[in-house]
Amino acid sequence: AVEDFAPQRLAVTVTGQEATPVAAGQSRNLDIIARFLYGAPGSGLQAEGEARLRIDPNPFPAFEDYKWGDQREPFQETFVDLGRTVTDGEGRAVITLPPQASDSAQPLLAATTVSVFEPGGRPVRESLDLKIRPRSTYLGVKVAQAEAARGGDPTVSLDLIAVDPTGRRIAAPGVTWRLVSENWDYDWFQQDGRWQWRRTSRDALVDQGSVNIAAGDPARLSRRLGWGDYRIELTGPDGAASVIRF
């Protein structure tokens, strides 16, 4: 490949106010600066961008032990073409990320990649991650299990918090919750001479209620639960929702 022998000629930088999350209905400009390594601006060069929209694996770093979003319906990664442009006389250009996923309750991440092409056609790529926060409130759950007494079921504690798109703790009054037990049945069947299996789930409501989440200490729900699969369903103000399995 040519790049194994020809040294890179361009330096490319991309900025997009990455410290500020992109809210619902907002677009975000990516500012590109290209310059040749010998000092001249990279003017008149082709530039293009793309993004992959996916779930943010660590949306709020201050609360790493908490889980967010709807785990029953994982967000499908989406490819977004950001279009093409040409750098001006100072080596600058702008590519825009359009509004994304306004109806998703998941904290999302747009992994953007901008390519600027050298005169010979070789791309120089730079990446930038943008946090996408289409909702004004996000509900987090931290699950903790205590040691079980001899012959008894352990106590499971669920700490509930609410944050705004920037990750700042806020109050969320009137959050409704449902604690559901997921019971799985496994069925074996024969098809085309081969044994296969499928599983089906039967939900059983364990408890439900409402809680006021404050901006201070987390709200806590504690229950003795036997072995098995469970989920906690939260519905709050402004369309906030989380469904967490444990």
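1. At 7% relative accessibility, D159 counts as buried (buried means under 20% relative accessible area, exposed over 50%, partly exposed in between, with a 1.4 Å probe and protein chains only). The model is predicted: local features need pLDDT of at least 70, side-chain atom pairs count only at pLDDT 80 or more, and totals for chains, interfaces and linings use all residues. Residues are numbered from 1 along each chain as its sequence is written, and side-chain values use heavy atoms, with hydrogens and water left out.

2. The side chain of D159 meets that of R220 in a salt bridge of 2.7 Å, N to O (a side-chain nitrogen of Lys or Arg within 4 Å of a carboxyl oxygen of Asp or Glu). D159 lies in strand β11 and R220 in strand β14, so the pair ties together parts 61 residues apart in sequence. R220 counts as exposed, at 53% relative accessibility.

3. Strands β5, β10, β11 and β14, in the order β5-β10-β11-β14, form an open antiparallel sheet (strands are DSSP runs of E, at least two residues, numbered from the N terminus; two strands pair if DSSP finds at least two bridges between them). β5 (67–68) and β14 (219–224) stand at the edges, each with a single partner strand. Six bridges join β11 to β14, and T155 has R224 as its bridge partner in β14.

4. D70 forms a salt bridge with R72, the closest N and O atoms being 3.6 Å apart. D70 is buried at 17%, whereas R72 is partly exposed at 39%. Both belong to a network of salt bridges that also includes R178 and E182.

Key:
Helices (H or I, at least four residues) and strands (E, at least two) are DSSP runs, numbered from the N terminus.
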